[in-house]
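Please walk me through this model in a viewer, one selection at a time. I would like to know what to select next and what is there.

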Amino acid sequence: MTLTLIDRTRCTDAAPGKGADTAPDAGVAKDVVDTDAAPEKAPGAAPRRALGREADGLAVASFVLGLVGLLVFNIVLGPMAIVMALLALARHTRRRGRAFLGLALGAADLAVLAALVTANGTVAWSIGG
C-alpha cells in the first residue's frame, strides 16, 4: 500500500517585487503521485467504492442475521438485523432488496420473540412436551 499526498495549494499572483521569470508556486510543495498506481485507485474513487461495498455487506449481514434470528437468539439478532438494514439503506446500498428483507426479518424476529413470551412465558423454543 502506498501513500499518495496531493497538495492542491497554488499561488495565482506573483509576489510584489518578483520578476516574471519566478514561478508563481515557488516554495509550494509539488504533487506527489504514485506512478505505479492503477487508474481505478485514484484518491477520489477509493472512498466511494469502499462505502458501497460496506453498505452492500451491511445489507447481506442484516438479511443473514434476520434469517438466523428466526431460529436462535432472536432477542439479540432481531434488533441487530434491523439496525444493519437501516444503516445499509442510509448509505445507499445497491442491494436494497436484501436490506428490506433484513429489516422485515428483524421485525419478524421480534414478533416471534413476542409470541414465544406470550405462549410459553419463556424466550426459548420448546419442542415436545
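A residue counts as exposed when its relative accessible area is over 50%, as buried when that area is under 20%, and as partly exposed in between. The model on screen is predicted.

**Stop 1: an arginine and its partner**

Select Arg94. Its relative accessible area is 68%, over the 50% cut-off, so Arg94 is exposed. Arg94 and Asp56 form a salt bridge, and their closest N and O atoms are 2.9 Å apart. Arg94 belongs to the loop between H2 and H3, while Asp56 belongs to helix H1, so this pair ties together parts that are 38 residues apart in sequence. Is Asp56 buried or exposed? Asp56 is buried, at 8% relative accessible area.

**Stop 2: the other salt bridge**

How many salt bridges does the count come to? The count is two. For the next one, select Arg91 and Glu54, whose side chains meet at 2.2 Å, N to O. Arg91 lies in the loop between H2 and helix H3 (96–120) and Glu54 lies in helix H1, so the pair ties together parts that are 37 residues apart in sequence. Arg91 is partly exposed, with 36% relative accessibility. Glu54 is also partly exposed, with a relative accessible area of 40%. As a general point, side chains of opposite charge can pair when their charged atoms come close.

**Stop 3: the nonpolar core**

Clear the selection, then pick Leu58, Ala59, Ala88, Leu89 and Ala99. These five residues make up the largest nonpolar core. Two elements each give two or more residues to this core: helix H1 (45–69) and helix H2 (74–90). In soluble globular proteins, nonpolar side chains tend to be buried together.

Keep Ala59 and show what surrounds it. Which residues is Ala59 in contact with, leaving aside neighbours within four places in sequence? The contacts of Ala59 are Ala88, Thr93, Arg95, Arg98 and Ala99.

**Stop 4: a proline in a helix**

Select Pro79, which lies in helix H2. Where residues up to four places away in sequence are not counted, Pro79 touches Asn74 and Leu110.

Finally, select Gly106 together with Pro79 and draw a line between the two C-alpha atoms. The distance is 6.1 Å, although Pro79 and Gly106 are 27 residues apart in sequence.

Terms used:
Residues numbered from 1 in each chain as written. Predicted model: local features only at pLDDT ≥ 70, side-chain atom pairs only at ≥ 80, totals over all residues. Heavy atoms only, no water. Core = buried A, V, L, I, M, F, W, Y, C linked by side-chain atoms within 4.5 Å. Buried < 20%, exposed > 50% of the residue type's maximum accessible area, 1.4 Å probe, protein only. Helix = DSSP H or I, 4+ residues; strand = E, 2+ residues; numbered from the N terminus. Contact = heavy atoms within 4.5 Å. Salt bridge = Lys/Arg side-chain N within 4 Å of Asp/Glu carboxyl O.
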